Every structure is written in C-alpha cells, then in structure tokens.
Amino acid sequence: MERSSRLVEIFNYLQDPHLVARFQKFCGVRGTFSRTVSGSAPSSSGGGSKEADRTHSHNNGACHHPITGGNESESAAVIGADEGECKETAAAGARRRKQGEEKENLPQNGAVVTAANAGGDTLGAGSNGPTEPAEKGGEVPVSSTLKPLRKNSLTGDAGQEFLIENRFLFYLFTFGTELGNELFYITFFPFVMWNMDAFVARRLIMVWVWVMYLGQCTKDVIGWSRPASPPVVKVEMFYNSEYSMPSTHAMSGTAIPFSLFFMTYGRWEYPFSLGFSFALCWCLVVCVSRIYMGMHSVLDVIAGVLYSSLILLFILPALDLIDGFNLTCRYAPLVIISLHLGLGLFSFTLDTWSTSRGDTAQILGVGAGVALASHVNHLLGLMPDPTPEQLPFTAPPLSAGLAGMAMLRLVMGVLVLMTSRAVMKAITIPLVCRVTGVPCDDVRKARQHMEVELPYRYIVYGVVGFNVLFLVPFLFSCLQIS
C-alpha cells in the first residue's frame, strides 16, 4: 500500500506542469502572461470528462481567475510554482499601486527587450511573480520577445509572446522538435532512400508507421490534455489541441535513431560507439525539446520513450518476415491496402475530429504507398537489394561532387513529391466530397467528416509514399543520376 502510494506520488510529480515551468525558467524561457484573464479554471482532478479535457487543451490549459471587481490594474494572475497552484496576490497589486500606472502594451514580435522594461508585465515560467529589473548600475541581460512559429492547427490560436534569454537553447530545441515534424519526415526518409540505402529506408518507414500509429491511438484512448498554461509557457502552439500522453515526438525520436542504428550497424562500417552516441543524442534532443516547448510533461516524455522501446522489441525482430511478405506474396497489395485502411477506420472511431486523426491517416497512407512500391519494384526487378557478399558497405569519401549529386537528387525528388501531393489534393478533396455528398465550399469543415478526411489523406499520401520508392528512383535511373 505504501509502495503504491509512493508510486502515485512520483507519477503526480512527473506530471506536474510546474516541473515543466521550472525547467523552462532554468533554460531562460519566461512567459508574458496576461494579468487579467477572464473565464473559469478547468478542473484539475482526474475525473473530468474527455470533452472537458479537449476544451482545456484548446484554451492552452490556462488556469484562469475571474476579476470580481475593483480596478483591473490592481489584480494579478500569479503562478505559484512552489505551492503548485494559481492564485492572486494582494502584494503584487500593492507593488503596482506604489509603482503607478504601467504600460499595457507588450513588445512587438521580434523586438529586443530587457528585464528592466519587461519586468512589470512578465512572469517567468515557474516563478512566483514578475521579474524584477536589475539593480542600478548592474548589467541587464538582453532577451528576445517571440511568439510561437506556427498557429494552433485546430483553433488558429497564435499563442502569447514569451521571452528567450538563452538563444542557443532556443535554437537547439527548436531544431530538436522539428525532428518530429512533417518537414523533417518528407526530407529525411527520401534522403536515406535516394542517397544512402533504400533497403534500410523502407524498413525504417515500417517501424515509423507502427510506432506513430500506436502512439496516436493511445493518445486518443487516454485523453490527457497538455500541460496547463500558466504556469507553462507555450513556446509551440501547433499541436496544442492534441492530447498529451504519450509524447509521439519522444516515440519517434526514440524509434527512428535507434532503429537506424540497429539496421545499419554491421551493414555499414562505422564504430559502435559513434552510432550509439549519435542515436542517443538524437533521442535526448527530441525528448527534452518537448518539455522545453511546453507541449509535454516529464511523464509524457518518459512514457513515450518506454512505449516506443517496447514496440521496437516486437517490431524489429519481425522486420524480415514483414518485408519478405510485402516483396514476394502475390496477395500482398490487397493485404497492404486493406490492413492500413482498416487501421485508419479503427483510429477514426476513437475520438472526435482532431489534427491527430488526420495525421494518423496520413502516416498509414505513406506506409501503404511505400509497401506497395516495394512489391512493384520486386516484381519489375527494380532497385534490387544487395547480396550478402556485397556487405558491409563502406562510406565513400566526402567530396563536392558527391554532396552536389545528393542535393540534386533530394531537391528534384522533393519537388516531384510536392507536385504530386498538390495535384492529388486538388483532385481528391472535390471527388471525395462529391461521392460522399459532403459540401466542399469550406474545405476545413469538409475534412472534419471521417468519410472525407480518411480517404483524402490515405489516397494523397499513399501516392506520395509510392512515388518515394518507385516513381522518383525510376526518374533518376532514366536521367542517369541514380
């Protein structure tokens, strides 16, 4: 009994948003939370409904306090990091009454501000009050005022401004979080496919599809909202309306580098310590970035790493069997299409419409397209896998010609993928809307219908996946640049 209560206590501590806020403050991230926020605070108990969690998430998980009367300038929403609760303090109001009227306007996006001119309006992440100006005669650290790079994908909320005091960590963790976004996937997988090892790339995509699918479905089943803001500073807003547990960024940030290491060690010549260190650093940067961005609690990230590791224990030993089936079985195309479509239908029944649901269909479409392309390539004798006698591979010496050819293939190939995606989107949405009878005047609303979103994403990204492994390499061979 004592052990279970201790375990619950640890879980609650790791899920506490104030732990995220303290880490953000340590890394130099400070919020510019409004002092007069209206609305009612969502319940923090675990017994709330999933719909309440969704509303909570849409509002950034903010802990709001209504202003019941008096001058608004005498009220404050101050984060109690050490007490673990949001509360108004009369002391803050008294300080402001002594200081006189303060400016209400925040610095513009990108403006350089100091602690002196931001102190009256800024609450540091995890702090108990506004930041104080430096003492007279002392140096004042310079910060940059920024806003999230992309708006909330569901609500369009642009988020609040925040202060960055450590630009190196900001750029490092922005890069880390991009390692789990679509732009990275649409460049990384094709680069490995076209310039390094198609055998490894198609298997890596198999792992990525299963890890991301199971992660997204688990999110919708558990239905935990993102960390509350305040106290957490939302450095990123794009995925803020999705559920939080587990972190699929942490899952992909664990699965991709360690699967790449597992598949290439012994197939390519490089030191074990180098490959393992590279995978570990990749994983750490992605995982820590999700806490820095205010998107996940520490518990979300830990769960994502462990969940991904568990999936890898089952999927990696089965890759030979799955890949062999895709290549050689005469019924493979039927099974591939049916399986991925069935998984998509199942995932769409787990929750109401959200961006994560569309992402799941997109991932399944890519997986189906790549699997079909591998079957076609095998039938036509294109892109044959190397024989064991040809292994291990030795990396060629880096040269300007080698780098230039790799970039040429990447740019040309991505242009083909983007063009095919744009063409298929223009064709598929009106066609699906006409077949299903859903009005397509407002594409955003039309895509909230499962009968539109699922086939649209599945078909469009299925074609993209097929072109990655079949059409683009075929064009390269015709142009003699493969």
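## Aromatic pairs, cysteines and salt bridges

Tyr292 has a relative accessibility of 0% and therefore counts as buried, where buried means under 20% relative accessible area, exposed means over 50%, and partly exposed covers the range in between (1.4 Å probe, protein chains only). This is a predicted model, in which local features need pLDDT of at least 70 and side-chain atom pairs count only at pLDDT 80 or more, while totals for chains, interfaces and linings use all residues. Residues are numbered from 1 along each chain as its sequence is written, and side-chain values use heavy atoms, with hydrogens and water left out.

**Aromatic pairs**

- Searching the whole structure gives 21 aromatic pairs, one of them being the tilted pair of Phe173 and Tyr292, whose ring centres are 4.9 Å apart with 40° between the planes.
- This pair joins distant parts of the chain, since Phe173 belongs to helix H6 (residues 167–178) and Tyr292 to helix H10 (residues 272–292), and the two are 119 residues apart.
- Phe173, with a relative accessibility of 8%, counts as buried, as does Tyr292 at 0%.
- Phe272 and Phe276 make a stacked pair, at 6.1 Å from centre to centre and 5° between the planes; they are 4 residues apart in helix H10 and are therefore separated by about one helical turn.
- Both of these residues are partly exposed, Phe272 with a relative accessible area of 44% and Phe276 with 35%.
- A cluster of rings is linked by pairs among Phe184, Tyr185, Phe188, Phe189, Trp208, Phe278 and Trp282.
- In the pairs above, rings of Phe, Tyr and Trp (its six-membered ring) have centres within 6.5 Å, and planes under 30 degrees apart count as stacked, over 60 as edge-to-face and the rest as tilted.

**Cysteines**

- The structure contains 0 disulfides, a disulfide being a pair of cysteine sulfur atoms within 2.5 Å.
- For Cys281, the closest cysteine sulfur is that of Cys283, and because the two sulfurs are 10.0 Å apart they are too far for a bond.
- Cys281 is itself partly exposed, with a relative accessible area of 48%.

**Salt bridges**

- The whole structure holds 6 salt bridges, each being a side-chain nitrogen of Lys or Arg within 4 Å of a carboxyl oxygen of Asp or Glu.
- One of them joins Glu182 to Arg421, with the closest N and O atoms 3.0 Å apart; because Glu182 lies in helix H7 (residues 182–195) and Arg421 in helix H15 (residues 400–436), the pair ties together parts that are 239 residues apart in sequence.
- Within this pair, Glu182 is partly exposed at a relative accessible area of 33%, whereas Arg421 is buried at 17%.
- Arg202 bridges to Asp323, the closest N and O atoms being 2.9 Å apart, and this pair links distant parts of the chain, with Arg202 in helix H8 (residues 198–222) and Asp323 in helix H12 (residues 319–328), 121 residues apart.
- Arg203 also meets Asp323 in a salt bridge, at 3.1 Å from N to O; since Arg203 lies in helix H8 and Asp323 in helix H12, the pair ties together parts that are 120 residues apart in sequence.
- Arg202 and Asp323 are both buried, the relative accessible area of Asp323 being 2%, and Arg203 likewise counts as buried at 10% relative accessibility.
- Salt bridges link Arg202, Arg203, Asp320 and Asp323 in a network.
- The helices named here are DSSP runs (H or I, at least four residues), numbered from the N terminus.
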